[in-house]
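The sequence and the model are shown first.

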Amino acid sequence: MKGLFGKKQKTPQEIVKHVKEGVQSLEKEGVNSKSAAKYAEQLSQDISAMKSILYDSDPHLDSITILTTEICSSGVLLPLVNNLPKLEFEVAHFQNQLTYL
């Protein structure tokens, strides 16, 4: 998948994999460490990518189906919800939107 300027976008599987790895890394690190801030920033970008897939003005049902299936099968939702206080506000806000779908 190509983005607007030719940059390759991540697939839904890659996004969920990165979110899962980021949450696991965030759990291992302390809240105040430099690496935790780095993981939180990467999580923010990946969750924004999830949001763009789910709330795109031109939805692709296959991408939405793949993303939601990956989220459910990977077991990433509960750890993500448990780590909401460690994430930026916009990410936490989007996560709340996901839980009420």
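Is Lys-10 buried, partly exposed or exposed? In this predicted model, Lys-10 counts as partly exposed, because its relative accessibility is 30%, and buried requires a value under 20%. Its partner in a salt bridge is Asp-46, with 2.7 Å from N to O. A search of the whole structure finds one salt bridge. Asp-46 lies in helix α2 and Lys-10 in the segment before α1, so the pair ties together parts that are 36 residues apart in sequence. Side chains of opposite charge can pair when their charged atoms come close.

The relative accessibility of the two partners is as follows.

| Residue | Relative accessibility | Class |
|---|---|---|
| Asp-46 | 2% | buried |
| Lys-10 | 30% | partly exposed |

Beyond its neighbours within four places in sequence, Asp-46 is in contact with Lys-10, Ile-15, His-18 and Val-19. One of these, Val-19, also belongs to the largest nonpolar core.

That core comprises 19 residues, of which Val-19, Met-50, Leu-67 and Leu-87 touch the most other members. At least two residues of the core come from each of α1 (12-28), α2 (34-54) and α3 (61-74). The greatest contribution is that of α2, with seven residues. In soluble globular proteins, nonpolar side chains tend to be buried together.

Methods:
Residues numbered from 1 in each chain as written. Predicted model: local features only at pLDDT ≥ 70, side-chain atom pairs only at ≥ 80, totals over all residues. Heavy atoms only, no water. Core = buried A, V, L, I, M, F, W, Y, C linked by side-chain atoms within 4.5 Å. Buried < 20%, exposed > 50% of the residue type's maximum accessible area, 1.4 Å probe, protein only. Helix = DSSP H or I, 4+ residues; strand = E, 2+ residues; numbered from the N terminus. Contact = heavy atoms within 4.5 Å. Salt bridge = Lys/Arg side-chain N within 4 Å of Asp/Glu carboxyl O.
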